[in-house]
Amino acid sequence: SGGPLLDGKGRLVGVNTAIYSPSGASAGIGFAIPVDTVRRIVNQLIRYGRVLRPSLGIGVADDQVTRNLGVRLGKKLDGVLVL
């Protein structure tokens, strides 16, 4: 795994990443990253030095912060505190 995935005409269509092989041999179900994803990621690595991931711009408070807030409010808080 880890090599190029080529079509019948020798064109790159992806990069092999893993193989599921019950027998342990190099035969089984292969998994690959599509070439469009590879190109996008490589361009980001070249341009920014890292992969840019989309985010919602929110954070989640640590469980201890939520518990401490609950103690101050005199209530047991269940769930997630979004910052």
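Predicted model: local features only at pLDDT ≥ 70, side-chain atom pairs only at ≥ 80, totals over all residues.

Reader: What makes the chain more spread out than a compact globule?

Author: The chain has two helices and three strands, in the order β-β-β-α-α along the sequence. For 83 residues the globule rule gives 12 Å, and the radius of gyration is 22 Å, well over that value, so the chain is more spread out than a compact globule. Its C-alpha atoms fill a box of roughly 70 × 40 × 15 Å along the principal axes. Of the 83 residues, 8% count as buried.

Reader: Why is Ser21 called buried?

Author: Ser21 sits in the loop between β2 (12–20) and β3 (29–34). Buried means under 20% relative accessible area; Ser21 has 17%, so the label applies.

Reader: How do you know which backbone oxygens the side chain of Ser21 has polar contacts with?

Author: The cut-off for a pair of N or O atoms is 3.5 Å. A polar atom of the Ser21 side chain lies 2.7 Å from the backbone oxygen of Ala25. For the backbone oxygen of Ala27 the distance is 2.9 Å. Both values are within 3.5 Å, so both pairs meet the distance cut-off.

Reader: What makes up the nonpolar patch on the surface?

Author: The patch consists of Leu56, Ile58, Val60, Val80 and Val82, with about 550 Å² of accessible area together. Patch residues have over 30% relative accessible area, and nonpolar side chains are joined within 5 Å. Val82 lies in the segment after α2 (63–73).

Key: Residues numbered from 1 in each chain as written. Heavy atoms only, no water. Helix = DSSP H or I, 4+ residues; strand = E, 2+ residues; numbered from the N terminus. Buried < 20%, exposed > 50% of the residue type's maximum accessible area, 1.4 Å probe, protein only. Polar contact = N/O pair within 3.5 Å; in protein donor to acceptor, adjacent residues only side chain to side chain. Patch = residues over 30% accessible without salt bridge, like charges linked within 9 Å, V, L, I, M, F, W, Y side chains within 5 Å. Areas by Shrake-Rupley, 256 points an atom, 1.4 Å probe, with all protein chains shown as cover. Salt bridge = Lys/Arg side-chain N within 4 Å of Asp/Glu carboxyl O. Rg over C-alpha atoms; globule rule 2.2 N^0.38 Å.
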